[in-house]
Amino acid sequence: MTAPPRLLRVSAVLLAAGAASRMGHRPKPLIEVDGVALVRRLADALMQVGVCETVVVLGHYAQAVESALAGASVRCVLNPRPDEGQISSLRVGLQSVSDQSEAVMVLLSDQPLIGAPQLRQLIDAYLARPPGVEVLQPQVEGLPGNPVLFSQRVRQEILAQGPEVGCRQWQAAHPDRVQSWASTDRSYRIDLDTAEDLAAVQHELGASLAWPTSSRPQP
């Protein structure tokens, strides 16, 4: 009899706190892909791959983003100082997840093509990682991508250091414990930082992306 596939207890941290200044101060997590907000689409994909919890870190536009998650299997936490940058949101998320999970996946809320297949492939690659590897980051055409998946021990080591330390800084200090997982799936590299990115994704990939009618630029 074939043994069932190994299951991994994964906590997810979904970062959705930014001001989106390069996007004209409009909430990127609310950009809709085929009518579904990015942040909701990612939350649903995490549920499909069986993560044990999803923590969404809010900051700017917190009320609107939380509304888009109504009914989703997530827990929202607030970064009280989102202008301090992504590391501050990461650390709020890492502090909020369970000590009982085996690994933590960190996701950006502006990746329109990440879905359950990409998340499943990432988890499978982590399960197949070489001994000693504790961080897995997708790499496409030699460039790093997202999401990133790492061990509970790495989470604890990041939190034991100062507020300037996030996953990227930890990786730079421990390259021997990091695997760049080569993939041909460009979904891991595509995010939406500017209006030009939004137009390029629609043109190149034929994806249907649009702002919700309730979204208006902020001053």
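Strands are DSSP runs of E of at least two residues, and they are numbered from the N terminus. In the predicted model described here, L30 lies in the loop that connects β1 (10-16) with β2. The relative accessibility of L30 is 9%, so the residue counts as buried. When neighbours within four places in sequence are set aside, the contacts of L30 are A37, A64, V65, A68 and P212. For one of these residues, A64, the C-alpha atom is separated by 8.1 Å from that of L30, although the two are 34 residues apart along the chain.

V33 has L209 of β11 as its bridge partner.

The overall fold was then examined. The protein contains seven helices and eleven strands. Its radius of gyration is 17 Å, close to the 17 Å given by the globule rule for 219 residues, so the protein is as compact as a globular protein of that length. Along the principal axes, the C-alpha atoms fill a box of roughly 50 × 40 × 35 Å. Buried residues make up 50% of the 219 residues. Among contacts with a separation of 6 or more, 71% are between residues 24 or more positions apart.

Strand β7 (residues 135-140) is largely enclosed by the rest of the structure, because five of its six residues are buried. The pairing of β7 with β9 (residues 148-151) is antiparallel, with two bridges, and places V135 opposite F150. Two bridges also join β7 to β8 (residues 143-144) in the antiparallel sense, with V140 and L143 as bridge partners. β7 and β8 form a hairpin with two residues between them, and E141 in the turn has a positive phi of about 55 degrees.

Q171 is located in helix α6 (residues 167-173). Beyond residues up to four places away in sequence, Q171 touches V135, Q137, V148 and V178. With a relative accessibility of 13%, against a cut-off of under 20% for burial, Q171 counts as buried.

Aromatic side chains were considered next. One aromatic pair is counted in the model. This pair consists of W181 and Y188, arranged edge-to-face with 5.6 Å centre to centre and 75 degrees between the planes. Both partners are buried: W181 has a relative accessibility of 17%, and Y188 one of 1%. The charged end of R26 sits over the ring of W211, at 4.2 Å from the ring centre. Likewise, the charged end of R129 lies over the ring of Y126, with 3.9 Å to the centre.

Technical notes:
Residues numbered from 1 in each chain as written. Predicted model: local features only at pLDDT ≥ 70, side-chain atom pairs only at ≥ 80, totals over all residues. Heavy atoms only, no water. Phe/Tyr/Trp six-rings, centres within 6.5 Å; stacked < 30°, edge-to-face > 60°. Buried < 20%, exposed > 50% of the residue type's maximum accessible area, 1.4 Å probe, protein only. Lys NZ or Arg CZ within 6 Å of the ring centre and 35° of its normal. Helix = DSSP H or I, 4+ residues; strand = E, 2+ residues; numbered from the N terminus. Rg over C-alpha atoms; globule rule 2.2 N^0.38 Å. Contact = heavy atoms within 4.5 Å. Pairing = 2+ DSSP bridges.
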